[in-house]
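Here are my notes on this one, as numbered points. Have the model open while you read.

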Amino acid sequence: MSTKMRAALLDEVGAPMIVVDDVELDGPGLGEVRVEVAWCGVCHSDVSQVDGVHPALTPSVLGHEAAGVVVEVGPGVTRWKIGDQVCALLPGGGYAEYVATPEAHALPIPKGMSAASETSSPRTSRVTACGRRGIHTGG
């Protein structure tokens, strides 16, 4: 089953990302979980792809550090259940309302830590809240 969602799309290298409402996400597939993204990190490699310093396929949804809640599990998933709070390292797709990722790429958010804390690691230069109101840069 696919889901239409809101996402920040890199449509053209060197141009600002645009927020669109009709990105489709398949899955989750075998061994994958679907995460409702609460927070995603903006790191140097994302900025470098937008600027054209690093190659980027277009159109694409960037963002390889995200945190949120598991909302669906695919066939064969044994580690996660709906409602688990996770952070994940992704090949991309974090600047969206939802992302599907292999269960092995997800890590538990430790008790007492927030999704924001998990995406503001030393690898992250800024934190972005990805939600129903779009993309909001912070810090």
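1. A term to start with: buried means under 20% relative accessible area, exposed means over 50%, and partly exposed is in between (1.4 Å probe, protein chains only). At 8% relative accessibility, cysteine 43 therefore counts as buried. Cysteine 87 comes out at 9%, so it counts as buried too.

2. Some ground rules. This is a predicted model, where local features need pLDDT of at least 70 and side-chain atom pairs count only at pLDDT 80 or more, while totals for chains, interfaces and linings use all residues. Residues are numbered from 1 along each chain as its sequence is written, and side-chain values use heavy atoms, with hydrogens and water left out.

3. On disulfides (a pair of cysteine sulfur atoms within 2.5 Å), the count is zero.

4. Next, the strands. Helices (H or I, at least four residues) and strands (E, at least two) are DSSP runs, numbered from the N terminus. Strand S1 covers residues 3–9, and five of its seven residues are buried, so the rest of the structure largely encloses S1.

5. What does S1 pair with? Its partner is strand S2 (residues 18–25), in the antiparallel sense over six bridges; pairing takes at least two DSSP bridges between the strands. Leucine 9 has isoleucine 18 of S2 as its bridge partner.

6. Check the cis peptide bonds. One joins glycine 27 and proline 28, with omega about 0°, and proline 28 sits in the loop between S2 and strand S3 (32–42). Another runs from threonine 58 to proline 59, with omega near -5°; proline 59 is in the loop between helix H1 (44–51) and strand S4 (65–73).
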